[in-house]
Amino acid sequence: MESIAVGRVHDAVSHFTVYEDYLDSRVTPMDLLYLHSRELARTLVEHGHKGTVLSREGFQERKAAAQAAKSNAFSYRGQPTTLASAGKELKDNFLKALAEREEANRSGKMTSVIFIRDQNTLGQEVSGYIDYAHRLKTQDFEPYFSGKKRLMPGRTDLCYYNWKTQLSTSNSSPNFEVIYDDPNGLLFKNKRDKKILNVDPLSAPGEDTSRTLLQSDLYVHAVIYDHNIRTV
């Protein structure tokens, strides 16, 4: 119980400018009425007569640590995100489109779903839907932007289908819930704003969502669905 009390006191340090203000927070009007001296009341608090408190040295150390943590957090937020596409000379429309959306997907302003249909390394036709923001967090995209590797859907993506083997998989991601039993067909529900993304080419893609069909030399068929996250 004592450690919990001390932890609460430590958490409150950031609210006080000087040690005297910290001590005053433990002094009650009744204390001043009986003691007739704020200095005496502070002394009693400092010596532990009002419960567990920090020493002057402990208070100053906590203040310094809190200020340093605040400065470090501000410095970190001010640093630009390193983009895998930065400095790359991109010629294909698909890679250009990914580069245009990379920062927004990394920062959470946007969550894009990528549809790809093409042949895998075995010559089998495969197709699937990829959560771009999730892939950016779990994979190094530098090889994709540099042309060393080709982005392809896999069994762990939102949806995957091998037209040769008829293997089909679906997995919800941190950003989207897969809805595959809806009468309207395959849908993705954004987990942040609960809005629906519709991949049916004959239907509207959904609120705050746009559909971009890309002409690419890398794939037979490539589409990107961009879902913009509104901030209140």
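## Strands, rings and loops in a predicted model

β1 and β2 pair in the antiparallel sense over seven bridges; two strands count as paired if DSSP finds at least two bridges between them. This is a predicted model, in which local features need pLDDT of at least 70, side-chain atom pairs count only at pLDDT 80 or more, and totals for chains, interfaces and linings use all residues. Residues are numbered from 1 along each chain as its sequence is written, and side-chain values use heavy atoms, with hydrogens and water left out. Helices (H or I, at least four residues) and strands (E, at least two) are DSSP runs, numbered from the N terminus.

- Strands of a sheet pair through backbone hydrogen bonds, either parallel or antiparallel.
- β1 and β2 form a hairpin with five residues between them. In the turn, Gly-123 has a positive phi of about 80°.
- Ile-116 has Gly-128 in β2 as its bridge partner.
- β2 also runs antiparallel to β3, and four bridges join the two. Ser-127 stands opposite Tyr-161 in β3.
- Six of the seven residues of β2 are buried, so the strand is mostly covered. Buried means under 20% relative accessible area, exposed over 50%, and partly exposed in between (1.4 Å probe, protein chains only).

**The sheet β5-β6-β7**

- Three strands make up an open sheet in the order β5-β6-β7, with antiparallel pairing.
- β5 (176-179) and β7 stand at the edges with a single partner strand each, so one side of each has no neighbour in the sheet.
- On average, neighbouring strands of this sheet are turned by 30° against each other, direction ignored. Axes here are lines fitted to C-alpha atoms, for helices over the stretch in contact, and angles run from 0 to 180 degrees between N-to-C directions.
- β5 and β6 run antiparallel and are joined by four bridges. Val-178 stands opposite Phe-188 in β6.

**Aromatic rings**

- The structure holds eight aromatic pairs. Rings of Phe, Tyr and Trp (its six-membered ring) pair if their centres lie within 6.5 Å; planes under 30 degrees apart count as stacked, over 60 as edge-to-face and the rest as tilted.
- The ring centres of Phe-115 and Tyr-129 are 4.8 Å apart and the planes are at 45°, so this pair is tilted.
- Phe-115 is in strand β1 and Tyr-129 in strand β2 (residues 125-131), 14 residues apart, and the pair links distant parts of the chain. Both residues are buried.
- Phe-115, Tyr-129, Phe-176 and Phe-188 are linked into a cluster by ring pairs.

**Thr-111**

- Thr-111 is found in strand β1 (residues 110-119). Its relative accessibility is 2%, so Thr-111 counts as buried.
- Leaving aside neighbours within four places in sequence, Thr-111 is in contact (heavy atoms within 4.5 Å) with residues including Asn-105, Phe-176, Asn-190 and Tyr-225.
- The side chains of Thr-111 and Asn-190 make a polar contact (3.1 Å). A polar contact is a pair of N or O atoms within 3.5 Å; within protein, one must be able to donate a hydrogen and the other to accept it, and residues adjacent in sequence count only if both atoms are side-chain atoms.

**Positive phi in two loops**

- Gln-166 is not a glycine, but has a positive phi of about 65°. Gln-166 lies in the loop between β3 (159-162) and β4 (168-170), and counts as exposed at 59% relative accessibility.
- Lys-194 has a positive phi near 65° and is also a residue other than glycine. Lys-194 lies in the loop between β6 (187-190) and β7 (196-198), and is exposed, with a relative accessible area of 51%.
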